[in-house]
Amino acid sequence: MKEKGYFLGIDVGSVSTNLVITDEDDNMIERLYLKTSGHPINVLCNGMRIISEKFGKDIIVKAVGTTGSGRQLASVIVGADVVKNEITAHAVAAQSLVPGVNTILEIGGQDSKIIILKNGVVTDFAMNTVCAAGTGSFLDRQASRLEIPIEEFGGYALRSSSSVRIAGRCAVFAESDMIHKQQTGHNVEDIINGLCEALVRNYLNNLAKGKDIEEPVVFQGGVAANIGIVAAFERALDKKIIIPKHHAVMGAYGAALLAKEKISRNNTITNFYGFEAAKSNYKAKSWECHGCPNLCEVIEILSDSQTLARWGDRCGKWSQLTTAV
Amino acid sequence: MLTSVATASKVVYNKGCCISENLPVIGLPKGLFYYEHSILWESFFKILGFPVITSEDTNKEILDNGIIHCSNETCLPVKVFHGHVYSLKDKTDYIFIPRYTSIDKNEYTCPKFCGLPDMALLNLKNKIKVLEVKLHIDKDTGLTFESLKEIARILGVNYQDTIEAFQTAIELFHEKKQEISRVNCYNQVRDLKKRAVSVLGHPYVIYDSYLSMKLIKKLKEKDIDVYTPLNLDHKTKRHNAYPYQGKAFWEVGFENLGSAFTYAQDKNMNGIIYLSPFACGVDAFIIEFIERQFKDRYKVPFLKLTIDEHTGEAGFDTRVEAFLDMIG
């Protein structure tokens, strides 16, 4: 009998680092949602330790996929078979859980995206441009300013009785508008609801402009946990919004599925270094290269004082030194 | 090509003008107009016999100096241009900044091009000396000759020689342009084994490898054939520049409009990427037209990429990778 294998998906995002273990039938058997807190390497190693403590030696990892803005970093540390951008990873995950999905709305910590599919093929997508207004980190900031736990933030919006208009184009404008409204005596529920509506309005104007949003519509990413935003989307689109059970770890789930697909297609052995590797002492350092006026910011990843990888140089003089990891 | 420049300049030398031990050095900033018209202006000054120094390719130092020395509200390419001017400040006697107001009948350029010499002078607090040639074809070609007269006066050369040098430089420019379009001429995507992507945007964005985060190089490294507005001739672009066929108020815009709709008609073009600097007024219109037309008429995948001061390439690469995944 074929030995039972598992697949590891890792999504290192700006706000959260997520790890997912799937089995041969694509069932999610473990998921971790950890705050990145500005230390992606430590958090990732920590997550690996949690999984290895829980499953011990019973688990045979057949393939690993990484995604998210820290995907290169994660790949160097764990030994990934697939390093995939988060748009593709999110699309793959949503299609697996909601077959026939036509629209994916995704709002994460720093990014927001919309993905349009037709007959199971991605036909169009958009991501927020240069600024990260209206994403999870902004909601986090407003929640802490109002001293409301982020988990309860959406509930406040649902209790609103009258609408308050908040400027949504830019996070800085939105914040000053919220403060002005608060100082004129509007209650917090109405202001939070106004904010949810502003963010949805901004999202639809920016990302979804000119795109046909057709059902089924899936909403995923950390912000999908915010019931205020969900309700605002439903009102604005007049459509039913599906929130997958594992909405917060969809990127990691997609990465695991992509890793499985690649390994089974090519019939190869995984690059995974094993859970033990997470126990090494990883360090990242950076310096400015003065080789030319570009002054590139070079990053070096070290494991117990041995260089694993370097990147960030435009000319390739540093990164090429360590291509043979 | 180069030999003809050399012979031409010899002719001028032999006329006995501008032979002096310490000829003033002319600086040519590598930004904005440079990517289309460098041959014209470099030849012009060389034919007159003056040494020309071109600034280096855009790098971090140039970007940083541009941001420090330029007003905040402009687009990134204008800021970078100021960085180039700044880098030439101590190496040259004069910096050449042409004033492109209109370069064809009924066509005007971006307002920042119209005021570029003034902007550079003000931003650099008059620490530089600027030579300018005015191009205002729609209103009055006489303005160009007046400005050439002024250059002749400043540099102490004969006016007639200056006019001749200008005319020769224009001929050289057109020769070179024809040569380029002969070599790169696009008819249709032929190599069907490779993916084909067209990269659109202003020449000073897509050909500046620092500003464009090496987009063209990155695509080529993935074994993709890249097509830009340079691969199309003027006539084709003008003909296809919906909704401004035959007449576009903004010259910079119609190049891209025409290219977009020409490439979109090619069934073997896998995708089109438009690289746009944040807050570009021309692009705001152009991209809107392109997106609407694509949606109604063509089925070609389209990606709009916005660039600004960011030097982290992760977000940029994510979008490009996802786009390439999408076009398959």
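Q: How many residues does the contact take from chain A, and how many from chain B?
A: In this predicted model, the contact takes 15 residues from chain A and 17 residues from chain B. On the side of chain A that touches chain B, the elements that give two or more residues are α3 (86-97) and β8 (121-127) of chain A. The residues of that side divide into eight nonpolar, six polar and one charged.

Q: What makes the radius of gyration of chain A agree with that of a compact globule?
A: A compact globule of 325 residues would have a radius of gyration near 20 Å, and chain A has 21 Å, so the value agrees with the rule. Taken along the principal axes, the C-alpha atoms of chain A fill a box of roughly 60 × 55 × 40 Å. Buried residues make up 46% of the 325 residues in chain A, and nine helices and 13 strands are found in this chain.

Q: Why can the buried residues of α4(A) be said to line one face of the helix?
A: The buried residues of helix α4 (residues 136-145) of chain A are A:Gly136, A:Phe138 and A:Leu139. Seen down the axis of α4(A), these buried residues fall within an arc of 160°, and therefore they line one face of the helix. The face turned away from the buried side carries the exposed residues A:Ser144 and A:Arg145.

Q: What covers the buried residues of α4(A), and which residue just after this helix takes a positive phi?
A: The cover of the buried residues of α4(A) includes β6 (103-107), α5 (150-158) and α6 (171-183) of chain A. Just after α4(A), A:Glu147 takes a positive phi of about 55°.

Q: What makes the peptide bond from A:Glu215 to A:Pro216 cis, and where does A:Pro216 lie?
A: The peptide bond from A:Glu215 to A:Pro216 is cis, with omega near -5°. A:Pro216 lies in the loop between α7 (188-206) and β9 (217-220) of chain A.

Q: How do you know whether B:Ala279 is buried, exposed or partly exposed?
A: The count for B:Ala279 is 14 other C-beta atoms within 10 Å, whereas buried needs 20 or more and exposed needs 12 or fewer, so B:Ala279 is partly exposed. B:Ala279 has a positive phi of about 70° although it is not a glycine, and its place is in the loop between β9 (271-277) and α13 (281-297) of chain B.

Q: What does the domain assignment of chain B give, and which elements of domain 1 touch domain 2?
A: The domain assignment of chain B gives domain 1 (2-182) and domain 2 (188-327), and 28 Å separate the centres of these domains, taken over C-alpha atoms. The contact takes 21 residues from domain 1 of chain B and 25 residues from domain 2 of chain B. On the side of domain 1 that touches domain 2, the elements that give two or more residues are α2, α4 (76-88) and α8 (159-184) of chain B, and the largest share, three residues, comes from α4(B). The residues of this side divide into eleven nonpolar, six polar and four charged.

Note on methods:
Residues are numbered from 1 along each chain as its sequence is written. Chains are lettered from A and ligands numbered from 1 in the order in which they are written. This is a predicted model: local features need pLDDT of at least 70, side-chain atom pairs count only at pLDDT 80 or more; totals for chains, interfaces and linings use all residues. Helices (H or I, at least four residues) and strands (E, at least two) are DSSP runs, numbered from the N terminus. The arc is that of the directions from the helix axis to the C-beta atoms. Two residues are in contact if their C-beta atoms, placed from the backbone, lie within 7 Å. Ala, Val, Leu, Ile, Met, Phe, Trp, Tyr, Cys and Pro count as nonpolar, Asp, Glu, Lys and Arg as charged, and the others, Gly among them, as polar. The radius of gyration is taken over C-alpha atoms; the globule rule is 2.2 Å times the number of residues to the power 0.38. Domain bounds come from an automatic or database domain assignment.
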